[in-house]
Amino acid sequence: MSVREDPQAQPVRPTAEDPVAASGSELIGGPTGRRALLGTSWWTPVRIVAIVAIGMFALGMVQKLPCYDGGWFYGATAQYTHACYSDIPHLYNGRGFALDLVPYFDRIPDNVSGGMPYLEYPVLTGLFMEVASWMTPHGGSIQDREQIYWLVNAGMLMVCTAVIAVCVARTHRRRPWDALLVALAPAFALTATINWDLFAVALTAAALLMWSRSRPLAAGVLLGLATAAKLYPGLLLGALLVLCLRAGRLRAFWAAAGGALAAWLVVNLPVMVSTQGGLHIRDGWKTFYTFSQERPVDFGSVWLIISQRTGNSLEDVNTYGTVLMALACLGVAALALCAPRRPRLAQLSFLIVAAFVLTNKVYSPQYVLWLIPLAALARPRWRDFLVWQACEVMYFLGIWMYLAYTGSGDQHRGLPAEGYQLAIAVHLLGTLYLCALIIRDALVPERDPVRRDGSDDPGGGVLDRAPDAFVLGEARRASRYEGAALVDWGVHRE
């Protein structure tokens, strides 16, 4: 059977269809030839991608060296001027791990935490932090222990990086090389060890892999665990709902949703509920949610630009953000149900997480990690990916230079508020640029790089090549499938 008849027959060679990938390949000998025997030796695409990802992660660790040698401990702004800040060493002592306090159960003294009574992270991330503290020696100076704690966490996050690379490489069976977008993403290397987000990203990538293998229950369990580590993975259930509704695969959705809820409860209930003095919700568990609710307008958001330009503190920012996010979700649902062809899961997942990022009242630089694997699956084109990454790197530098400016007193070394607002705008425009391309691909499927050979949704699992059951608008006439046969469109490539 030819590639035209069966798009699952041969792996896609990016250097044959992506001009930027072809140009970049000249550094290692040029594009892959037609007769290359890929995957016939130990150096399979998945292993190569994983090794590259680990190598880039290691370079990101090297980039933190000025802070490791003193920037985290000496000088008010050294960690900002060198752009090597990380929450990890600071929170080792600041959240009671150095004192052997149990997260969510033991109250943190105010003189240690600066007023944060309990750990302000979801439960599974708190467990990750606690496990790293168990592996950190409790002897020596606090600086030595904080350095070791960062190294231990970096080692654990490196494992998460390998998991992400492998999962993305295997989600689209014929497109393992698309995972190089993740492995070589500069913002990935720069932000990987700022915080613990990679743990949730790894669980989310594994969930998408399980869904692509038509295992909705396993995918749901992993999504539930990811949501117990960071809030954003729960948004993917919304994408699954509208896609399963259109495809008439609601049974698979309910299996995933049930698995997610069960996994989330198994992790959270032991910490969430206290029976001391009567059944009630534990204050330590609620801290993440109350902190998220009460947090004012903060770094990186469009709301900060508005607040700084107008002098308005935007006390109702939660309402504004919620309304905009709800409208964005309605837009994504309309796209899913009205597009001429059912959008791919990766496309809707990117759009809904990007909407959350764009409307949220804070954007920490490591949040880009949430989007990188989804971008690689949703829009695997190097030019567009690198344009977006350039915007994110500019924001990464902008926030540290702004903090250096605000922390340097009268010396004003760094980036003033106006410059930081420009960096935020660049980040917002870069993300909107990628969103616009993905929306265009959904509305004009022949422009979608993944579908140009006639594929449907290689990461869709039970959704892949499924006939439509419920559509709206013009899609009623456009979505006519002949059983499970592939639509005969796209660019034929020999």
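Helices (H or I, at least four residues) and strands (E, at least two) are DSSP runs, numbered from the N terminus. The views below show a predicted model, in which local features need pLDDT of at least 70, side-chain atom pairs count only at pLDDT 80 or more, and totals for chains, interfaces and linings use all residues. Residues are numbered from 1 along each chain as its sequence is written, and side-chain values use heavy atoms, with hydrogens and water left out.

**View 1. Leu314 in the loop between α17 and α18 (317–338).** Leu314 is not a glycine, yet has a positive phi of about 50 degrees. Most residues other than glycine have a negative phi. Leu314 counts as buried, at 10% relative accessibility (buried means under 20% relative accessible area, exposed over 50%, partly exposed in between; 1.4 Å probe, protein chains only).

**View 2. Asp100 in the loop between α6 (87–94) and α7 (110–113).** Asp100, also not a glycine, has a positive phi of about 60 degrees.

**View 3. Packing of helix α17 (residues 302–310) and helix α22 (residues 417–443).** The two axes come within 9 Å and cross at roughly 150 degrees; axes are lines fitted to C-alpha atoms, for helices over the stretch in contact, and angles run from 0 to 180 degrees between N-to-C directions. This makes α17 roughly antiparallel to α22 (angles under 35 degrees count as roughly parallel, over 145 as roughly antiparallel, 65 to 115 as roughly perpendicular and the rest as oblique). Residues in the contact (heavy atoms within 4.5 Å) include Leu304, Ile305 and Gln308 of α17 and Tyr420, Ile424 and Leu428 of α22.

**View 4. Packing of helix α21 (residues 382–407) and α22.** The axes lie 8 Å apart at an angle of about 160 degrees, and the helices are therefore roughly antiparallel to each other. Among the contacting residues are Trp388, Tyr395 and Tyr402 of α21, together with His427, Tyr433 and Leu437 of α22.

**View 5. Arg246 in helix α14 (residues 236–247).** Arg246 is buried, with a relative accessible area of 0%. Its side chain reaches the backbone oxygen of Ala336 at 2.8 Å. The C-alpha atoms of Arg246 and Arg342 are separated by 7.6 Å, although these residues are 96 apart along the chain.

**View 6. Residues 1–8, with pLDDT below 50.** The protein chain averages a pLDDT (the predictor's confidence in each residue, from 0 to 100) of 90, and 88% of the residues score at least 70. Beyond near neighbours in sequence, residues 1–8 have 15 contacts in the model. Where pLDDT is low, the predicted coordinates should not be read in detail.

Terms used. A polar contact is a pair of N or O atoms within 3.5 Å; within protein, one must be able to donate a hydrogen and the other to accept it, and residues adjacent in sequence count only if both atoms are side-chain atoms.
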